[in-house]
Amino acid sequence: MKIGITCYPTYGGSGVVATELGIELAARGHDIHFITYSQPFRLTGREANICYHEVPVTNYPLFEYPPYDLALATRMAEVAEFYSLDILHVHYAIPHSVSALLARQMLATRGKVLPFITTLHGTDITLVGLDRSYLPITRFGIDESDGVTAISSHLRDRTYEAFAVKREIEVIRNFVNCDLYTRNPSHVARMRPRYAKPEEKLLVHLSNFRPVKRVIDVVKVFSKVAAAMPARLMLIGDGPDRSAAEYLAMELGIANRIHFLGKQENVHDLLPLADLMIMPSEMESFGLAALEAMACRVPSISTRVGGVPELIDAGLNGRLFAVGDTDGMAAAAIELLSDTAALETMATAARRTAQDHFCASRIIPMYEAYYRKVIDASKIAGHGSEG
Ligand code: GMT
């Protein structure tokens, strides 16, 4: 198939999923065209079967807000026509589904069919989409999509409840490349000493440091762990709450035990070095960071929110707590880190969950089958007639 993909190309879970999906589909022989305002950060630009098309957004003194949505729609239509795309897959409802809808309409006037699928990732529904100024257009974009997927049952149900959309939503959960995200003992032996001494436990957190991730809670949990045992923390990512986390770490006297690593491209090299992940989010429609860690045999102490229970079976492959229960999370971390056998059992269960349910090899065929279904249905419905 010839597939166009649009996403937010910078750091963030939806962009990661979109990019990894494109890479996996290209490896299976599909022609992939990314249509975004900059090159998705996990792409090298050298992958076979992948083309990147930049969306140029022309500014003009009249435009206080340059119309990115329109520039995107134009580029989508151009790329679809030039490369005869079979389907367009947009990640994050706003504004991508509406741009895709415009592109589909533009092409229909030229007798071309361009079905599009919208994948809902979380904040496009739970935060941005529920904002009164965006709600009607989010609902419109979803209902007008030829196919809609959500990354968890929780997000699907939440979308039905909050938006009363008519379009059926297919659940296709987040995935991880289990060959890349794995624990290789020789790699760990080589790299771990950079971040922790042999007698120290190593904790990790990975996010975009937005308020919804509660990075301050990570520092609070870690401070309790560090008071109980020799330990260090790797904080991977960057965003609005980074300085608040740095400030709190200094106040608590633990700044020298925390590695603020900033944005990292190869998180699969870092995650397997850790013993435990802390993901205390206010909301997580799935929790891709926890899945990536689990594939690397790193179980997660997380919050019981959103779609996280669809990934973490509390007590088996991780632990779940109420939002803000930093005492509970710290106690669980200390208990697990003090019991090597229990931690090892949980690490094995975490890897097995990733492997048995969320490996790319299992999830990508679901997307392929869904694309075929939507393409076939669209040919029958005929948003345009093939010319
Ligand atoms: O909050 C983020 O990490 C960014 C956000 C996004 O859309 O870029 O992530 C969402 O999508 C991820 C990939 O599908 C999910 O794993 C995250 O759970 C989800 N984040 C939230 O729901 C807060």
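**View 1. The ligand between two domains.** Domain 1 (2–175 + 360–381) and domain 2 (185–358) each contribute residues to the shell around the ligand, so the ligand lies between them; the domain bounds come from an automatic or database domain assignment. This is a predicted model, in which local features need pLDDT of at least 70 and side-chain atom pairs count only at pLDDT 80 or more, while totals for chains, interfaces and linings use all residues. Residues are numbered from 1 along each chain as its sequence is written, and side-chain values use heavy atoms, with hydrogens and water left out.

**View 2. The shell around the ligand.** Here you can look for Ser14, His121, Asn174, Glu284 and Ser285, which come nearest among the 18 residues around the ligand (a residue is near if one of its heavy atoms lies within 4 Å). Helix H1 (residues 13–27) supplies the largest share of this shell, three residues; helices are DSSP runs of H or I with at least four residues, strands are runs of E with at least two, and both are numbered from the N terminus.

View 3. A polar side-chain atom of Glu284 lies 2.6 Å from a ligand oxygen atom. For Ser14, a polar backbone atom is 2.8 Å from an oxygen atom of the ligand, and a backbone N or O atom of Gly13 is 3.1 Å from a ligand oxygen.

**View 4. A cis peptide bond at Pro95.** The peptide bond from Ile94 to Pro95 is cis, with omega near -10°. Pro95 is placed in the loop between strand S4 (87–91) and helix H3 (96–108). For context, most peptide bonds are trans.

Methods:
Polar contact = N/O pair within 3.5 Å; in protein donor to acceptor, adjacent residues only side chain to side chain.
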